[in-house]
Amino acid sequence: MIRMIVNPAESKWKELCARPETENTQLEDTVSIIFNEVKSMGDRAVKKNIKRYEGIEIEELFVSAEEVKNASSKLNRQLKNAIDVAYNNIEKFHASQKERLKQVEVIPGVSCWRESKAIEKVGLYIPGGTAPLFSTVLMLGIPAKIAGCKEVILTTPADKEKNIHPAILYSAELCGIKKIVKAGGIQAIAALTYGTESIPAVSKIFGPGNQYVTAAKQYAQRKGVAIDLPAGPSEVLVLADDSADAEFIAADLLAQAEHGTDSQCVLVTFNEKMVNQVNAAIKQQLQILERREIIEKSLKNSFAVVFQNKEQAIAFVNEYAPEHLIIMVNDEGDYLEEIVNAGSVFLGIYTPESAGDYASGTNHTLPTNGFAKAYSGVSLDSFVKKITYQRISPKGLQSLGQTIETMAAAENLTAHKNAVSIRLNKINRN
């Protein structure tokens, strides 16, 4: 069950909002060693570390065309239909994010505009351990496809029989992904960072993972490869008043808790009775859940906060900045305007966070650990760069030139000033 905190002082909020951490002083050293091995030994180092950390010997790193072809037959029709529906919804939502070209004439003769260009090479990391996240293939593969990324490398750990889950392969095929690597962990991120004899280096790495993958992505960023966003253990905050359904709240908290033992679930409400009702529902629902042991450990990191008023609740939500925010209140409009820090928001009692995880259309790769204060979740924009353009006519330079010359001279950058002056002189002579 989750512990209850009633009307905590604001001075205690920062401590309450701290996420659970796994202490591992050797983690950074492990990441550095594996990266250096992959950099110097390539495929051989990747295979060596797969054997060491995943317990299997991989002869061929890439999934074969035959394995991809056979994946569809290993899935039942119901699951394939579900994946197809999710694909269509996610594709529709992300395609709507395309920007129309807008050219602006800031003054006569001076035109500026911006265009999106796809990141040419991207790497998608898909966790495969206790829960092979084929849904993440859709969340990352679809916007990469819409953006027009030329090369997409998917990497995911194989099982003990050296196979990739068929739902991952089926989803990858839907997204047009041809290169699938049987590798997980630090070694996979290192391969995407440096490249090997067979695995291309990429410009940006996407995807969730455990503490080792997260640390490896942060290390990759220091080596000049971009990453999607800082991502740690998954989390949810449910904001509920007396109109909410305690059974629904419990179900949403448990759904988040089953992600992993370091996940965190938070309930913010206005009376102790609601917390007691939710805890009773958690106890009842927990009995039938397969990942009960994981959930029980996760719930130790979780808590409920009871506030006296709406203003305190909203302020706490913004301080916590949840990855997922579920709002179950009567007057949700009064809350929405004031809540500014959240990765993704789910409104109403019939909008479970599971919908966003799978099939409603929004992306489930979101900022955690309070990074929602400054980061957005993955979107079409994550797979493109924005390049600005401008064109200036002779008349435009005559209008703007003196402004540029004055500013450049004030900064003592005479070469900047001269780049304008020399043009203006030629225009005036002609």
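**Note on a surface valine and the salt bridges**

1. Val-345 is partly exposed, its relative accessible area being 37% (buried means under 20%, exposed over 50% and partly exposed in between, with a 1.4 Å probe and protein chains only). Val-345 belongs to strand β13, which covers residues 344–347 (helices, H or I of at least four residues, and strands, E of at least two, are DSSP runs numbered from the N terminus).

2. The model is predicted, so local features need pLDDT of at least 70 and side-chain atom pairs pLDDT 80 or more, while totals for chains, interfaces and linings use all residues. Residues are numbered from 1 along each chain as its sequence is written, and side-chain values use heavy atoms, without hydrogens and water.

3. The whole structure holds 19 salt bridges (a side-chain nitrogen of Lys or Arg within 4 Å of a carboxyl oxygen of Asp or Glu). In one of them Arg-19 pairs with Glu-235, with 2.8 Å between the closest N and O atoms; Arg-19 sits in the loop between α1 (13–17) and α2 (27–41), whereas Glu-235 is in strand β9 (residues 235–240), 216 residues apart. Arg-19 is buried at 12% relative accessibility, and Glu-235 is buried at 1%.

4. A salt bridge also joins Glu-67 and Lys-182, at 2.9 Å from N to O. Because Glu-67 lies in helix α4 (residues 65–71) and Lys-182 in strand β6 (residues 179–182), this pair ties together parts 115 residues apart in sequence. Glu-67 is partly exposed at 24%, but Lys-182 is buried at 8%.

5. Lys-117 and Glu-115 form a further salt bridge, their closest N and O atoms lying 3.5 Å apart. Lys-117 is partly exposed, with a relative accessible area of 34%, and Glu-115 is partly exposed at 25%.
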